[in-house]
Amino acid sequence: MRKKDQVEHILQGFNPSLFRERLIDWFKKEQRILPWRENQDPYRVWVSEIMLQQTRVDTVIPYFNNFLSKFPTLEALAEADEQEVLKAWEGLGYYSRARNLQNAVREVVEEYGGVVPDDPTELGKLKGVGPYTKGAIISIAYDTAEPAVDGNVMRVLSRILHVEEDIAKQSTRKLFEELVRELISKEDPSSFNQGLMELGALICTPKTPSCMLCPIQEQCLAFEKGIETELPIKSSKKKQKKIPYMLLLIQNEEGEVLVEQRPSEGLLASLWQFPMVPLSDLDQEAVKHWFYGEYGLHIELKDSVDQIKHVFSHLIWEMEVVKAEVTGGELDRERCRFVNLNEMNDLPFPVSHQKAHKYISQ
């Protein structure tokens, strides 16, 4: 079935105008007071939307306020050092979001005179601005009727409209974008899109939706049929690969700590970490020999002080944290150096390695 025909079939008998009216009225009365809602500044909307991807609102609020105090304008972010930006992002995870945001902001400053494009096509060309982020910025900041479809929105609409398509598929996202195009308020697209997001966050939650409080309950087909907890349909992801490591806290005679910067591309790009020894093909006895071959340093392993597990979307790091001392050799590895504790605190570390900071001898 063609998308247009599918949309018409789904919306058959549904009252879009009543839906819009109830959703927007509810949002204007019940919306949370959030710092990025103080005005419609597209830069603030942009930063908040990037931070909110994969991250809870309560977590984002202090990061957003801190980020805007350090980089209050597009120009300030464009001119900032990447390490300073990553440090301000430290703990939020998914660090490519921060790098893409800064690169896109630089493009806006250079190519668009510091004005965030209000044209969906131009905005969508910027690094890291996908369909959802584009729709959110365009609708919230510029009051343009553009869909902003994320998992929240798909969950809400799959229940209200009884859509049983697998939301893990790209084709389903396209279907929901077309549904929103038909439903969105032309007069107040900002409140409509934010209302859908807010409804998903506060009422139509993943596991135990508060249907008795929902302003759309009378129109919700899933509620009517008693299947609200069975929707949306989502196929399971591939199993994450587990990788064992030894995370080494190595100090020299001066008490300095060995740290290294990750490559400028790939997982956790440009962040700093403590040396990680892959244990998939090594036993404990071979660690010292491997380390000398890779780093040029002889080390003595001391106490094992912690086990840290860090889950990524596609893999899991299982890290044994071990203290060590340098006994000889000469450091021979790029992007690697000894730093004192003050220097270390200025460097951006991923959360998994921040957890090991407390074991470093003062």
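With which residue does Arg-181 form a salt bridge, and how far apart are the closest N and O atoms?

Reply: Arg-181 forms a salt bridge with Glu-178, and the closest N and O atoms are 3.8 Å apart. A salt bridge here is a side-chain nitrogen of Lys or Arg within 4 Å of a carboxyl oxygen of Asp or Glu. The model is predicted: local features need pLDDT of at least 70, side-chain atom pairs count only at pLDDT 80 or more, and totals for chains, interfaces and linings use all residues. Residues are numbered from 1 along each chain as its sequence is written, and side-chain values use heavy atoms, with hydrogens and water left out.

Both residues of the pair belong to helix H11 (residues 170–183), where Arg-181 and Glu-178 are 3 residues apart, about one turn of the helix. Helices are DSSP runs of H or I with at least four residues, numbered from the N terminus. Arg-181 is partly exposed, at 37% relative accessible area, and Glu-178 is also partly exposed, at 34%. That class lies between buried, under 20% relative accessible area, and exposed, over 50%, using a 1.4 Å probe and protein chains only.

The pair belongs to a network of salt bridges that links Lys-134, Glu-146, Glu-178 and Arg-181. Over the whole structure, the search finds 14 salt bridges. Another one joins Lys-29 and Asp-25, at 3.2 Å from N to O. Those two residues are 4 residues apart in helix H2 (residues 16–30), so about one helical turn separates Lys-29 from Asp-25. Lys-29 is exposed at 61%, whereas Asp-25 is partly exposed at 39%.
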